Amino acid sequence: MLIVENISLMVEDFSLNNINLSIEKGDYFVLLGLSGVGKSLLLETIAGLRTPSEGNIFLRGKLLNSIPIQNRQISIVYQDLVLFPHLNVYENIAYPLKAMHAGDIEEKVIAAATQTGIADKMERMPASLSGGEAQRAALARSIAAGSDIFLLDEPLSSIDLKSKNELRILLRNLNRSGITIVHVTHDYEEAISLATKIGIMENGKLVHVDTTEEIFEHPKSEFVAHFIGIKNFLRGRITKQTDSDLKIFVSEKIEIFCLSELDEGNVFLMIDPKEISISNTVLEGSIRNHFKGRIKDIAPARLGLVVTVDIGVDFAVHVSKDAFYSLGMNVGKDVWINFKASSCKVYN
Amino acid sequence: MVFAFLGGALLLFIIAPIAGLYLNAPLSSWTETVADKSVQDSIWLSLWTSMAGTLLFSLLAIPLAYILARKKFRFKSLINGLIDVPIIIPHSAAGIAVLGVISRDSVLGQAADLVGLKLVGNPSGIILAMAFVSIPFLINAARDGFCAVPERLEKIALSLGASPVRVFFTISLPLASRSIVSGLIMMWARGMSEFGAVVIVAYNPQTAPVMIFERFTSFGLKYSLPAAAIFVAVSLLIFIILRVISKK
């Protein structure tokens, strides 16, 4: 439905570089990335609010580049300043209908407002609405505009948790009703909760596009892994051994024994912090990976503690408070971390 | 406390001369001056020519202000500086400059002659002179007003299917209206009080400032005081009414 082809754009000292993207009709596509990586810029470029220096954008099979914004039938909803402040909710929702000289304006406004749950606040001015109510009104206005693709720029960022959950339900329902949504956020939980497909942005580049499951199961860069909260993520090379079923993973600073079907080549390796044990001495037994290091940080987790141990690279270890303190551990202490070869998740 | 004293002294500096106008003009002379047809005509001429100039030139000033607020282009700073030139040059010089453009020897003067329009010594010339010296007040206020309108709102409106013209009239203009109205009032008030430029372009028919000046030079302070007091009262009254309306 929406194809972004080799889009590049320079704005002051920041640039979007060679962005390629394909979004199918009915997708809920989340552009995920830290602040300032170019997510909103890409969104505005798709909407036609910025002109790319290179590349093409196709929507519904048509080249969009020379089509004026007002004829693209793409609605954009921002995080704040979502409504026209001098118009009440009814007038805001009616705005696109009047602009397009549509008939049955009142009927359409009421239908859109009912769909988003804002019909009881038609006379209210934007300044008197909560963040969640303003977003509902803005979504109703986009529905009234008849767009089948919504571009949402951090729509849930400045609203309270309760409204956020309600709006997520609304957004999912809108998506199920056939509206394609492109949603920009820096919140990976929001992405998991809503997306059917995710694009990860980093420094003006789209570094990874895949289904939500694939992105979180198999991140393809340290940035992605760290950004989505995955710890103990390494990039390196795997080699097989002649007399063992174990493979050796070699990264810049560490060698790890692992069990993997892959024989050789460049791979990514992840180890769940819960699969690693921490001890004062090397643990005997079937565990093949032992590394001596120094405790760098201790952070409380929802359950237990996450201990960062520096073994040349930082490793996160998830332990119970009881176990940790009974071993007399603290920041600066030398310890051993131990994990099985089978705990390593290797993929290419 | 010191600031309050300094501020109070400044306010006194503004209020004292105006108050002096009324304290020094005997009440008996007021009724006579109000009834004077030439005084009435002069005040009315000042009011309507200034209003006409403001409205007429707002059609040019508001679009220019929008361009200056929204677009980036070469020499924009130069144009912004140029707009303030009428404020900084002596107004008699401004009058001579305007006269140079509208006199019968000029292209504009000859073109006006062709359609039977007289510019020098005529209300149309007065309108041009008033507009020349007062237009910066409108352009600057409108430009600041448009700058304060978030561009994002205009973008949203465009994405909702509104044409750029519709966006201007339904979003940009209403949201900048307070600044624009303020600029219109300032332009009108400044134009109405203009003497230096107007007296060079049109000594007759006489606007109120020219009439007050003539009374002062011909008959002295005593004779000019009631006319000045009446003109100031009328101006202040309209100014206050417009300010109140614009803030609602």
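In chain A, 65% of the contacts between residues at least 6 apart in sequence join residues at least 24 apart, where contact means heavy atoms within 4.5 Å. The corresponding value for chain B is that residues 24 or more positions apart account for 75% of the contacts with a separation of 6 or more. The model is a predicted one, in which local features need pLDDT of at least 70 and side-chain atom pairs count only at pLDDT 80 or more, while totals for chains, interfaces and linings use all residues. Residues are numbered from 1 along each chain as its sequence is written, chains are lettered from A and ligands numbered from 1 in the order in which they are written, and side-chain values use heavy atoms, with hydrogens and water left out.

**Secondary structure and extent**

- Chain A has nine helices and 20 strands, where helices (H or I, at least four residues) and strands (E, at least two) are DSSP runs numbered from the N terminus.
- Chain B, by contrast, holds 13 helices and zero strands.
- The C-alpha trace of chain A spans about 80 × 45 × 35 Å along its principal axes, and that of chain B spans about 65 × 60 × 30 Å.

**Burial, surface and charge**

- Of the 348 residues of chain A, 51% count as buried, and of the 248 residues of chain B, 42% do; buried means under 20% relative accessible area, exposed over 50%, and partly exposed in between (1.4 Å probe, protein chains only).
- Carbon and sulfur atoms supply 74% of the roughly stated surface of chain B, which is about 13,200 Å², whereas in chain A they account for 49% of about 16,100 Å²; these areas come from the Shrake-Rupley method with a 1.4 Å probe, and for residues only the protein chains shown count as cover.
- Chain B has 19 positive and 11 negative side chains, with the centres of the two sets 13 Å apart, while in chain A the mean positions of the 36 positive and 44 negative charges are 1 Å apart.
- In these counts Lys and Arg are positive and Asp and Glu negative, with His and the chain ends not counted, and each charge is placed at NZ of Lys, CZ of Arg, CG of Asp or CD of Glu.

**Nonpolar cores**

- The largest nonpolar core has 44 residues, and those with the most contacts inside it are A:Phe84, A:Tyr95, A:Leu151 and A:Val182; such a core is a set of buried Ala, Val, Leu, Ile, Met, Phe, Trp, Tyr and Cys residues joined through side-chain atoms within 4.5 Å.
- Helix α1 (residues 39–47) of chain A gives the most to this core, with five residues.
- Apart from this core lies another, of 42 residues, among them A:Leu83, A:Ala94, A:Val109 and A:Ala134.
- Beyond its neighbours within four places in sequence, A:Leu151 has contacts that include A:Leu43, A:Ile46 and A:Ala47.

**Cysteines**

- The structure holds zero disulfides over all chains, a disulfide being a pair of cysteine sulfur atoms within 2.5 Å.
- The sulfur of A:Cys258 is 5.3 Å from the closest cysteine sulfur, in A:Cys344, and is therefore too far for a bond.
- A:Cys258 is buried at a relative accessible area of 0%, and A:Cys344 also counts as buried, at 5%.

**A loop residue of chain A**

- A:Leu81 sits in the loop between β6 (74–77) and α2 (89–99) of chain A, and is partly exposed, with a relative accessible area of 38%.
- Leaving aside neighbours within four places in sequence, A:Leu81 is in contact with B:Pro150, B:Leu153 and B:Ile156.
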